[in-house]
Amino acid sequence: MSVGVFCIQLDSFGLNLALPRIGRDLDAGGAGLQWVISAYLLSTGTLMLGTGRLGDLFGRRRLLVAGLSVFGAASLVCALAPTLPVLVGARVAQGAGAAMIMPVGLSLLTNVYPAELRGRATGWALGIGGIATACGPFVGGALTETVSWRAIFWLNVPLAALGALCAARTAESFDTSAPRTVDWSGLLSATAALAALSVVIDRGPRWPWPATLAGAAVTASLLALFVRRERSAANPLVQLTLFRNGPYMALTLAGAAANTTTVMFLFVVPLTLQGQWNLSVVVAGTAFLAPALAMALAGPLAGRVPPRAAVRLMTACLCAGALVLGCLALTSSLTLYVAVATVGGAVLGVANSLTLIATQGVIRPERAGEASGVTKTVITVAAGLGVGLAGAVTDQGHGVGAEAAADTALLITASGCLAACLVLVVWIRTREGR
């Protein structure tokens, strides 16, 4: 699971600085290059909901091994891709593998580890993945400059093979409380709805407003069809009672805010170190090492938090995250900027790991894949919104990491993070009053 998360996060953030070189090598350019990133994220976000429940029904270990195998094979095709369409198609396949690894891997850890070790195991797996999340842009940039952008994909091949070998040696795990029948209508309607939503989020800002409204209407219709199907299905893909689980929903929605904040943090801070502070890629990567390590170490710490304290700690993390982003926008010293970013890395690392760890602690273990699929889908869609907001910071025309764009993005994200914190405070007080 650790190896799988590492590969997924590396390929989520490791290609941002490599896009210009990819365009030159494959004789491609324009908006088509963005699909190298978008195709991967859209495929992952679209398929996660269904794969989580499929793992519950047909074997979590089996789907984890399959996901790692698909991811590794798709990485090999990416490394050898002769044209942009081939590369984009392989990235879609990579996303499908990633969609199997994350929710199925989380539910497998939940079921094969005893309760007292469950949170720690998940925390370590997410912490190792956090290293790739934080350092991905610089690893990708360094490999692109010194070797080739193809080396990013070659790195995945032996790692995915190692992960599949380890996963194959563990015990199989199923949901024994339900018959092994798939709600195909629910699966298809949910996948179609998520695909439409992902495309609207990713491409909607570039469309004329009538096309964006039409895309939103199609998404809403498909979601309504999915809900209607789940209400009448004997064995639904997602039990709607999950959305009446107060602690689960509070942690999931708070996790969406935390994940959006983390995406902005990972995009803005490294680029600001290069733009506003005029550091080279290597020096900026060195400066960002402290925030990266803080984010990685936060995963194991989050694994030790008892479920009863999870919502309160998440609230504190969101408040601290908003404060950190505000301070970053106002800081005028490089040393202080890196110090504040290190605190931010630790806070956001705890919040993100806590989302996935604590939500698994407030649901029934036999439906862990279903719950983790819903959680990962929600926070991945939220991350897509964050990537859209980060676009101005990566605009080459105004200077990458330009101060005005970076500060605006940070303050907008801080406001959203603070709003989520206030909603959680109100929810906690209302629950205590009852």
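Is Asn-278 buried or exposed in this predicted model?

**View 1. Asn-278 in the loop between α10 and α11.** With a relative accessible area of 64%, Asn-278 is exposed, and this residue belongs to the loop that runs between α10 and α11. Most residues other than glycine have a negative phi. Asn-278, although not a glycine, has a positive phi of about 55°.

**View 2. The aromatic pairs, of which the structure holds three.** One of them joins Trp-149 and Phe-153 in an edge-to-face arrangement, with 6.2 Å centre to centre and 90° between the planes, and both Trp-149 and Phe-153 are buried. Another is the tilted pair of Trp-277 and Tyr-337, for which the separation is 5.9 Å centre to centre and the angle between the planes is 55°. This second pair links distant parts of the chain, since Trp-277 sits in the loop between α10 and α11 whereas Tyr-337 belongs to helix α14 (residues 334-361), 60 residues apart. Trp-277 has a relative accessible area of 19% and therefore counts as buried, the cut-off being under 20%, while Tyr-337 is buried with a relative accessible area of 2%.

**View 3. The largest nonpolar core, with 99 residues.** The members that touch the most other members of this core are Phe-265, Val-269, Leu-273, Phe-288, Met-314, Leu-318 and Leu-328. Helix α10 (residues 246-275) supplies the largest share of the core, namely 16 residues. Leu-318, when residues up to four places away in sequence are not counted, touches Ala-254, Ala-257 and Ala-258 as well as Cys-417, Ala-420, Cys-421 and Leu-424. Apart from this core lies another, of 19 residues, whose members include Ile-22, Ala-39, Cys-78 and Ala-81.

**View 4. The crossing of helices α3 and α5.** Two packed helices are described by the angle between their axes and the distance between the axes. For helix α3 (residues 35-58) and helix α5 (residues 84-112), the axes come within 6 Å and cross at roughly 35°, and the crossing is right-handed. The residues of this contact divide into 18 nonpolar, eight polar and two charged.

**View 5. Val-65 and its contacts with alanine residues.** Val-65 is placed in helix α4 (residues 60-80), and its C-alpha lies 7.8 Å from that of Gly-163, although 98 residues separate Val-65 and Gly-163 in sequence. Leaving aside residues up to four places away in sequence, Val-65 touches Ala-164, Ala-167 and Ala-168.

**View 6. Trp-427 in helix α16.** Trp-427 is found in helix α16 (residues 403-433) and is partly exposed, with a relative accessible area of 25%. Trp-427 and Pro-247 are 180 residues apart in sequence, yet 9.7 Å apart in space, C-alpha to C-alpha. Pro-247 is also one of the residues that Trp-427 touches, together with Gly-246, Ala-250 and Val-311, when residues up to four places away in sequence are not counted.

Terms used: Residues are numbered from 1 along each chain as its sequence is written. This is a predicted model: local features need pLDDT of at least 70, side-chain atom pairs count only at pLDDT 80 or more; totals for chains, interfaces and linings use all residues. Side-chain values use heavy atoms; hydrogens and water are left out. Axes are lines fitted to C-alpha atoms, for helices over the stretch in contact, and angles run from 0 to 180 degrees between N-to-C directions. Helices (H or I, at least four residues) and strands (E, at least two) are DSSP runs, numbered from the N terminus. A crossing is left-handed if the near helix is turned anticlockwise from the far one by less than a right angle, and right-handed if clockwise. Ala, Val, Leu, Ile, Met, Phe, Trp, Tyr, Cys and Pro count as nonpolar, Asp, Glu, Lys and Arg as charged, and the others, Gly among them, as polar. A nonpolar core is a set of buried Ala, Val, Leu, Ile, Met, Phe, Trp, Tyr and Cys residues joined through side-chain atoms within 4.5 Å. Buried means under 20% relative accessible area, exposed over 50%, partly exposed in between (1.4 Å probe, protein chains only). Contact means heavy atoms within 4.5 Å. Rings of Phe, Tyr and Trp (its six-membered ring) pair if their centres lie within 6.5 Å; planes under 30 degrees apart count as stacked, over 60 as edge-to-face and the rest as tilted.
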